[in-house]
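Please read them with the structure open.

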Amino acid sequence: MPSSDGQRPGTAAAGGPVVGVLALQGGFQAHERVLRRLGARVREVRVPADLEGLEGLVIPGGESTTMSLGVEREGLAAPLRELAARGTPVLGSCAGLVMLDREHLGAMDILARRNAFGRQIRSFEADLEVRGLAGGPLRAIFIRAPWIAEHGPGVEVLAEVDGHPVAARQDNLLALAFHSELGEDDRLHELFLEQVRAHAP
């Protein structure tokens, strides 16, 4: 029987870090599969109590307006800001990037442009060189993707498409405009979990 963190006792993840995935809306299950494959214990986050004891958090892709409404409805906005402010590693993917920006949670000094590459029919894949990621280009999947329209001096841009930032890091926050969870390349999730383990007490 799965534990409260969604793992079966005795699996390889039994001693792994506890990583939450915001599960109000969007593609949270794909992130959960990758995290479990890499040895994390996964907890779905729907209410503030679900944030207690987390060592990392993923905000998945989806629809940022619907996600924002859910966050406000469940009283999650302030607890999410506090989690990020105290240094807990957070990965925001696609709509998760939007959620981190100045106009939403305000956790990261970026301003996202929603659906910047066009509607779903304009979805595409691209080989990205991601700064600091060993092993060559990463195949990135863009679906109604945003890009970073503005960013502050404390933000490190990690990858661009046609001159537009699509991956960036600020301290404990990693924002991706694409869906790293949908491909077969786990390196960005591995990078995130390295940060989670480094931060854990």
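Which elements cover the buried residues of α5?

1. The model is a predicted one. In it, the cover over the buried residues of α5 includes the strands β1 (18–22), β3 (56–59), β4 (90–93), β7 and β11, together with the helix α1 (28–37). The buried residues of α5 are Arg187, Leu188, His189, Phe192, Leu193 and Val196.

2. On geometry, α5 has 13 residues. From its first C-alpha to its last α5 reaches 18 Å, close to the 18 Å expected at 1.5 Å a residue.

3. The aromatic pairs come to five. One of them joins Phe117 and Trp147, with 5.0 Å from centre to centre and 85 degrees between the planes, which makes the pair edge-to-face. Phe117 sits in the loop between β5 (110–113) and β6 (124–128), while Trp147 belongs to strand β8 (residues 147–151), so this pair ties together parts that are 30 residues apart in sequence. Phe117 has a relative accessible area of 13% and is therefore buried, the cut-off being under 20%. Trp147 is buried as well, at 11% relative accessibility.

4. Another aromatic pair is formed by Phe142 and Phe178. Here the centres are 5.5 Å apart and the planes make an angle of 55 degrees, and the pair is classed as tilted. Phe142 is in strand β7 (residues 138–142) and Phe178 in the loop between β11 (173–176) and α5 (187–199), so the pair ties together parts that are 36 residues apart in sequence. Phe142 and Phe178 are both buried.

5. The two pairs above belong to a wider arrangement. Ring pairs link Phe117, Phe124, Phe142, Trp147 and Phe178 into a cluster.

6. What lines the largest pocket? The lining consists of Gly62, Glu63, Ser64, Cys94, Ala95, Val98, Arg114, Asn115, Ile143, Arg144, Pro146 and His179. The volume of this pocket is about 160 Å³. Sorted by class, its lining has five nonpolar, four polar and three charged residues.

7. With 34% relative accessibility, Asn115 is partly exposed.

8. Asp162 also has a positive phi, about 50 degrees, although it is not a glycine. Its place is the loop between β9 (156–161) and β10 (164–170). Is Asp162 buried or exposed? Asp162 counts as exposed because its relative accessibility is 72%, where the cut-off is over 50%.

9. How many cavities of 30 Å³ or more does the structure hold? There is one, and the largest cavity has a volume of about 30 Å³. Lining the largest cavity are Leu138, Arg139, His179, Ser180, Gly183 and Asp185. This lining divides into one nonpolar, three polar and two charged residues.

Methods: Residues are numbered from 1 along each chain as its sequence is written. This is a predicted model: local features need pLDDT of at least 70, side-chain atom pairs count only at pLDDT 80 or more; totals for chains, interfaces and linings use all residues. Side-chain values use heavy atoms; hydrogens and water are left out. On a 1 Å grid over the protein atoms alone, a cavity is a set of points where a 1.4 Å probe fits but cannot get out, and a pocket is an open set with protein on both sides within 12 Å along at least five of seven lines; lining residues have an atom within 4 Å of a point. Grid points are joined across faces, edges and corners, and a volume is the space filled by probe spheres set on the points. Ala, Val, Leu, Ile, Met, Phe, Trp, Tyr, Cys and Pro count as nonpolar, Asp, Glu, Lys and Arg as charged, and the others, Gly among them, as polar. Rings of Phe, Tyr and Trp (its six-membered ring) pair if their centres lie within 6.5 Å; planes under 30 degrees apart count as stacked, over 60 as edge-to-face and the rest as tilted. Helices (H or I, at least four residues) and strands (E, at least two) are DSSP runs, numbered from the N terminus. Buried means under 20% relative accessible area, exposed over 50%, partly exposed in between (1.4 Å probe, protein chains only). The expected span of a helix is 1.5 Å times one less than its number of residues. Contact means heavy atoms within 4.5 Å.
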